[in-house]
Amino acid sequence: MRISKDWISDYIDLKINYNDLVRQLKLHTADVEIMESFGDELKNIKVGRIDKIKEHPNADKLIICEVNLGDETLDIVTGDLTVKEKDLVPVAVDGAVLYDGFKIKTRNFRGVKSHGMLCSLEEIGLEEHSDAIYTITEDVEPGTDFINYFKIKDQILSMEITPNKPDLLSYLGTAREFTAIDAAENFKLPVYKKINTTTKGFPVKIEYDGCKRYTALKMKNIEIKPSPLWMVKRLAMAGIRSINNVVDITNYVMLETGHPIHAFDMKTIKNSIIVRKAKEGEKVVLLDKRELELVGHETLITDEEKILALGGVMGGNISGINENTKEILLEVAHFDPINIRKTTNHHKLSTDSSYRFERGVDPNNAFFVMGRLIYLIEKYANGSTDYNATDIYPQKIKNKKQPLRINYLNSKLGINLTIDEIEEILKRLNFGFERINEGFEITIPTNRPDIEGEADLVEEIGRIYGYHNIKSEAPKSTFLKGERNENYVFKEKAASILRHQGFHETKNIPLMNDTKFWKSEANVKIINPISAELEFLIPELIYPILETVSYNYRNQNKDIKMFEINKVFLKDETSETKVKEPTHMAIVSTGEESPADYTDKRKVSFYTLKGTLDYLFEENGISATYKRSNIKGFSQSQTAEIFIKDTKIGYIGLIDPEMADKMYDIKDEIFVAEIDLDAVKKYSKLVSKASKKYDYPSIKREYSFMVPISTEFSEINKTIENAGNIIEKIQIFDVYRGKGIDPNFSSITITIIYRSHEKTLTDDEVNKVESKILKQLEDKNVKLRKAWGGLKMARVFGEDTGKGFIKEEPFEIFVKAIESAIYKSPVRKTDKIFLSDLWFITSLPYDILIEAIEKHSKDMNIPEDINYIYDEKNNKNIWQRQKNSDKEHVDTNN
């Protein structure tokens, strides 16, 4: 808020200079961002009257004006052909200095001497850009000092207004504040006219609770013309450009009172004003020519046929004031702050009006504001009225009553204020009060919606008294040794596990707009949200974390592994607060599995998150089960609910691609999981180092099964677990669907670790359990894949590499293994790869390597710098790049 010293002096007498005022404001009220002087550089600008206009003898686009400056007449050349004889204009004479520091000298324009310059408001600093010479509307004698007469020089300070101080968004509120902090005295209201309320005024109906009060009054005989210069200058100091007298008066009174006002051209209104809720899909063109498509929560000012304004934000283009306006309807209304915030945030539209309505406007100053408008329009636009206003006020907003205990006040401030001192501060704040037993009952005026409780009153009294006047003392306290509670330790353990799995932790504000909740309903609403976008507490963590992922994805960070541990908020009528706040953990992943490894082209999958969760459960001694589920917004084929025993603790799955694109602009597969961390802690067991000490070796076997797509893995898992007490661990190793696989089946490779805690197992003991597993799975139509080379069971090669490639047909899996090994070969610095290197990396037998390369080299992506694959044993190239061609061939004769 920019405050002009000249303007605010209409309402108060300052007791201190502006530099001291800045210090007082910083100590008691708000930070001062800017303190500057305006117009100090301006000099030698006078009021001149154009007595005669002559054509320039050598230029069609220039004229010569004989300008009367009282004691002399000067010839001045100008390019503004709109000036007329008898016009009063500001004249910069020889030696004058303009706002930008430009010095005026007598100059020759095409053979004619010009002894000065006719000025627009741009040269004086009151407009950023002017189209014409300014014409003075006041009756001023020629030769009068323009700068002094119109009080152009001024001092401006700009305060940083916090959201809880809407009273400072007006000159009158700021003047009261200056008085309250003892920087000024003799506060007085400006002149205004008294109005009458009647049922015979202009018809108004309120059909939507987005409007709390609507006061309307007609004025006629309006004369649209330029505003007086004093008003133009004051608006310019506030950063508002002059339009015409009526529009300027509405802006002036808004800045003066803090209450936004609108004026309609009466000829555009049919019969009555109707305040109603917008309909979804309706469109309105605003004063700035912008067309909005409405979503259905906006407040509209309409007549019986059309939309006249977007209530509390901006008028419609159809009903604006113009040079032909003769009758106007004045609106002084009060709109719901939350509704205005939602409207401006959705349409990304902020105005001086919406800025004030969002923070809270006094609903009970409508008559004063209307009376002030009438006074100025009568005086400066020749308007007239019968002073009969329509005032629709369905539920009157009353002054709040708040008890204030003296002991409470002094204990919070750490001082002992006397009753007289408290009463003096309350008077300065314009708060009414009555003495009661323990202190006061305070009457809080409706222009202070920020005061809601006893603590707010303590803060107000404290800042007026001055926190700098309160003696500083070291706090008196008995310090106790702090310890981390078990909930914190458990959360940190979970976070540590996720971080070690390559996930980054994020923290988000647990507040969002309910339009973002596509999976569940928002049922915990904030009473006093700071923004329409932050109205509801989140019921699940996936909403904010997906917004974070979307932000990263749109900024080209598309390989993401992220988690968050935080509270969620759910309605619970049985609790004292009616809300329960369990701690959840959300995990999300999209993009490549290992983006730093250019040889690893794997994308994240369902099992990326499942493996992470399984490790978390394992570390806490928990056995969880996954049951396929149909969850709103998820792809059913890759979604499951997570259970510990019979308790559902969360879910995991693939976000529906259309949903991901529509809501988050994410084009890739995105997997999320969310679990109730409190429930996990409840079932967790202490996993000691002793329980992880293995006295006997394990036997690891891997199996590749053909599994019907209708069969859930939980059935397979349960069958294997129940096959014997030597089953230690079951883990999915690979899932494959595609070439060579029946479309109704998936190829799933799993690892089973067998171990006894009593002895070393033999192959026969493991084979018995293995046979039982295979038979029971075969009964469920889960069959072991046919092994290559006639083996009944797939054997694993390459355990050391962690790849675990299976020796089986088809050969696609060997192609991937060999291709990966070529990229990792230590002799890449030459153009030759040795077969022994591939054998060392993959652990595949030589015959498998040779056969795979000879038959499938065309399917391999071999780097361009490699020209040969050399078999040292047989002293020949088993592959070489064909020269002068992009084709590759197997050369078995070299």
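The model is predicted, so to speak of a local feature I require pLDDT of at least 70, side-chain atom pairs count only at pLDDT 80 or more, and totals for chains, interfaces and linings use all residues. Residues are numbered from 1 along each chain as its sequence is written, and side-chain values use heavy atoms, with hydrogens and water left out.

I begin with the aromatic residues. A search of the whole structure gives 16 aromatic pairs. Rings of Phe, Tyr and Trp (the six-membered ring of Trp) pair if their centres lie within 6.5 Å; planes under 30 degrees apart count as stacked, over 60 as edge-to-face, and the rest as tilted. One of the pairs, Trp 7 with Tyr 252, is stacked, at 4.6 Å centre to centre and 10° between the planes. Trp 7 belongs to helix H1 (residues 5–8) and Tyr 252 to helix H7 (residues 245–257), so this pair ties together parts that are 245 residues apart in sequence. Helices (H or I, at least four residues) and strands (E, at least two) are DSSP runs, numbered from the N terminus. Both Trp 7 and Tyr 252 are buried, where buried means under 20% relative accessible area, exposed over 50%, and partly exposed in between, with a 1.4 Å probe and protein chains only. Together with Tyr 171, Trp 230 and Tyr 380, these two residues form one aromatic cluster.

A tilted pair is formed by Trp 518 and Phe 634, with 6.1 Å centre to centre and 50° between the planes. Trp 518 lies in the loop between strand E29 (511–512) and strand E30 (536–537), whereas Phe 634 is in strand E36 (residues 634–644), 116 residues apart. Trp 518 counts as buried at 8% relative accessibility, and Phe 634 counts as buried at 7%.

Two charged residues also lie over rings, which requires NZ of Lys or CZ of Arg within 6 Å of the ring centre and within 35 degrees of the ring normal. Arg 435 is over the face of Phe 440, 5.3 Å from the ring centre; Lys 627 is over the face of Phe 643, at 4.8 Å.

Let me return to helix H7. How many of the 13 residues of H7 are buried? The number is 12, so H7 is largely enclosed by the rest of the structure. Among them are Asn 245, Asp 248 and Glu 256. The expected span of a helix is 1.5 Å times one less than its number of residues; for H7 this gives 18 Å, and the end C-alpha atoms are 18 Å apart, which agrees.

Next, the nonpolar cores: sets of buried Ala, Val, Leu, Ile, Met, Phe, Trp, Tyr and Cys residues joined through side-chain atoms within 4.5 Å. Which members of the largest core, with its 75 residues, touch the most other members? They are Ile 8 and Leu 157. Helix H10 (residues 366–381) gives the most to this core, with 10 residues. Leaving aside residues up to four places away in sequence, Ile 8 has contacts (heavy atoms within 4.5 Å) that include Tyr 18, Tyr 171 and Phe 178. A second, separate core has 32 residues, including Val 604, Ile 622, Ala 673 and Tyr 683.

I turn to the strands, which pair if DSSP finds at least two bridges between them. Strands E36 and E37 run antiparallel and are joined by 7 bridges, with Phe 634 standing opposite Ile 655 in E37. Their hairpin has 2 residues between the strands, and Lys 645 there takes a positive phi near 60°. Strand E37 (residues 647–655) is mostly covered, with 7 of its 9 residues buried. Antiparallel to E37 runs strand E38 (residues 670–676), through 5 bridges; Gly 653 has Val 672 in E38 as its bridge partner.

Elsewhere, 5 strands form an open sheet of mixed pairing, in the order E14-E17-E20-E21-E22. Strands E14 (204–206) and E22 (314–315) stand at the edges, each with a single partner strand, so one side of each is left without a neighbour in the sheet.

Lys 289, not a glycine, has a positive phi of about 75° and is exposed, with a relative accessible area of 60%. Asn 382 has a positive phi near 60°, lies in the loop between H10 and strand E24 (388–392), and counts as partly exposed at 37%.
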